[in-house]
Amino acid sequence: MKGARMRTSDPTKSILISLTLITLAGALLLSGCLRAGKKDTRTLTLAINSGVEGDALKQAAKDYEQQTGVHINIAEFPYANLFERELIDLQARTGAYDLIMLDDPWFPKFASLNVLTDLAPLLQKRGKARPDDDFVATSIALCRHPYQTGALYALPYVGNSQLFFYRKDLFQKHNLTEPATWDEVLGAAKMISEKETTGAPGGGKVYGYVMRAAQGNAAVADFMPIFWAFGGEMFDANGQPTVNSPEGVAALRFMIELGKYSPPGYASFNADEVGAHLLQGTAAMSINWPAWISSFSDRAKSKVIGKMEFGQMPGSKNPGRAEIGNWLIAIPREAKNVDAAMDFLLWATAAEQMKLSAQRGNPPTRKSVFRNPELVAKFPSYPAQLKSLEASRPRPRTPLWNEVENAFGIYLSKANSGELSAEDAMNQANAEIAKVIERGQ
């Protein structure tokens with residue numbers, strides 16, 4: 001009868017039904033309580049670089065733990081030790097790290113050793129065919145092996161690429177425009193060096209240009225945009241070194257000529273010396289990285305507040321292109337918590353979190369974050385940074401890059417110090433790089 005209660009003539013069945021309903025209700029209530037106060041008990045271990053890049057990711061990890069309950073252990077290492085510590089662990093397959101930060105020149109080494117997790121299946125599991133198109137294409141290309149076209153083994157977190165720094169007040173004073181070519185840079189450096197002999201704060205000389213030419217990474221990083229602009233290439237189609245080509249020798253001769261308008265001792269300069277000259281107003285132009293930009297507005301550090309401009313890399317035979325220098329995040333193949341690591345990786349590289357990372361000092365790798373009006377108001381150089389990043393070039397994608405760069409940098413520095421001619425330096429560098437390639441085969 002409609003609306004009547006269901007009856008049973010068997011008391012035992014009635015008791016069983018009642019107990020079942022009570023048990024089910026209790027289970028549902030307990031489940032709801034657990035969900036309401038549930039904390040994820042999983043733990044991740046993240047290897048990071050000491051410095052602003054790692055600091056932002058470290059804070060993101062704390063935020064993530066508060067939101068999800070996933071605890072993230074931080075293993076923090078200085079830049080000089082991070083590569084070795086990660087490489088040793090991944091080759092030993094200990095599974096000590098669930099996520100690692102990688103400087104992009106290291107990526108080919110790790111990818112070629114097959115010690116990183118392919119992210120494509122993990123993306124597909126979450127309904128994503130590929131990383132979204134908001135990522136800058138040159139940044140995503142760094143995360144694939146082979147370069148640009150291969151499997152995806154990382155996501156880009158910090159979007160560094162070089163910029164051309166110059167003193168806009170001195171350029172206006174001497175009726176100079178932003179240099180479009182390296183010849184224009186040389187002309188401006190010569191004019192400023194000659195006319196600003198007592199132009200620095202305190203009456204000191206303003207040098208037209210300042211660069212890094214210390215052995216190793218320093219000299220190579222400042223040379224590559226000149227080398228590429230002059231038409232130089234490090235390797236031919238067969239992977240053999242070609243740094244001693246006529247274009248390569250001409251580029252080094254130009255670098256040495258530019259050195260005539262740099263402060264004495266520049267052949268041993270690294271980032272700190274270059275930054276000091278720019279901040280103290282004793283040098284007018286340089287190639288530099290975005291991490292230095294905020295210093296120029298810091299009254300405790302800068303004597304050139306409001307006077308520095310950040311532009312694109314000059315060209316020559318070829319259009320100017322900056323060297324890219326992104327930080328990537330990857331999941332080791334032997335990670336113990338791959339799925340939890342992927343969840344954190346996607347969260348940390350999402351636009352919302354990358355905006356927070358940008359506010360903490362890291363250039364983003366997403367176009368939407370570079371174009372965010374709030375961030376552009378805070379970081380007026382963002383349009384120039386995005387333009388540079390989109391046109392930038394990576395260092396050669398070889399697993400042997402660390403050894404190649406070290407050998408190349410030794411001879412570049414020797415040429416800038418006057419120990420070797422440009423031609424001798426490039427010939428000797430080419431021979432040494434060839435030995436590195438042969439040993440690595």
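W182 is a buried residue, with a relative accessibility of 0%, where buried means under 20% relative accessible area, exposed over 50% and partly exposed in between, using a 1.4 Å probe and protein chains only. Before I go on, please keep in mind that this is a predicted model, in which local features need pLDDT of at least 70 and side-chain atom pairs count only at pLDDT 80 or more, while totals for chains, interfaces and linings use all residues. Residues are numbered from 1 along each chain as its sequence is written, and side-chain values use heavy atoms, with hydrogens and water left out.

Let me turn to the aromatic residues. A pair of aromatic rings is described by the distance of the centres and the angle of the planes. Here, rings of Phe, Tyr and Trp (its six-membered ring) pair if their centres lie within 6.5 Å, and planes under 30 degrees apart count as stacked, over 60 as edge-to-face and the rest as tilted. The search of the whole structure finds 22 such pairs. One of them joins Y64 and W347, whose ring centres are 4.9 Å apart and whose planes stand at 55 degrees, so this pair is tilted. Because Y64 belongs to helix α2 (residues 52-68) and W347 to helix α12 (residues 338-348), the pair ties together parts that are 283 residues apart in sequence; helices (H or I, at least four residues) and strands (E, at least two) are DSSP runs, numbered from the N terminus. Y64 is buried at 8% relative accessible area, and W347 also counts as buried, at 16%.

W182 has its own partner, F164, in a pair that is edge-to-face, with 6.0 Å from centre to centre and 85 degrees between the planes. F164 sits in strand β7 (residues 163-167) and W182 in helix α8 (residues 182-195), 18 residues apart, and the pair links distant parts of the chain. F164 is buried, with a relative accessible area of 0%. F164 and W182 are also members of one aromatic cluster, together with Y166, F171, Y209, F230 and F254.

Helix α8 also contains A188, which counts as buried at 4% relative accessibility. The C-alpha atoms of A188 and G208 are 6.9 Å apart in space, although the two residues are 20 apart in sequence.

Coming back to helix α2, its 17 residues reach 24 Å from the first C-alpha to the last, close to the 24 Å expected at 1.5 Å a residue, the expected span being 1.5 Å times one less than the number of residues. Its buried residues are E53, G54, A56, L57, A60, A61, D63 and Y64. After α2 comes G69, whose phi is positive, near 85 degrees.

Finally, where does the largest pocket draw its lining from? That pocket has a volume of about 760 Å³, where a volume is the space filled by probe spheres set on grid points joined across faces, edges and corners. On a 1 Å grid over the protein atoms alone, a pocket is an open set with protein on both sides within 12 Å along at least five of seven lines, and lining residues have an atom within 4 Å of a point. Of its 28 lining residues, the closest to the centre are Y79, D103, N217, W327 and R395. The elements giving two or more residues to this lining are α2, α3 (79-92) and α17 (401-416).

Conventions. On a 1 Å grid over the protein atoms alone, a cavity is a set of points where a 1.4 Å probe fits but cannot get out, and a pocket is an open set with protein on both sides within 12 Å along at least five of seven lines; lining residues have an atom within 4 Å of a point.
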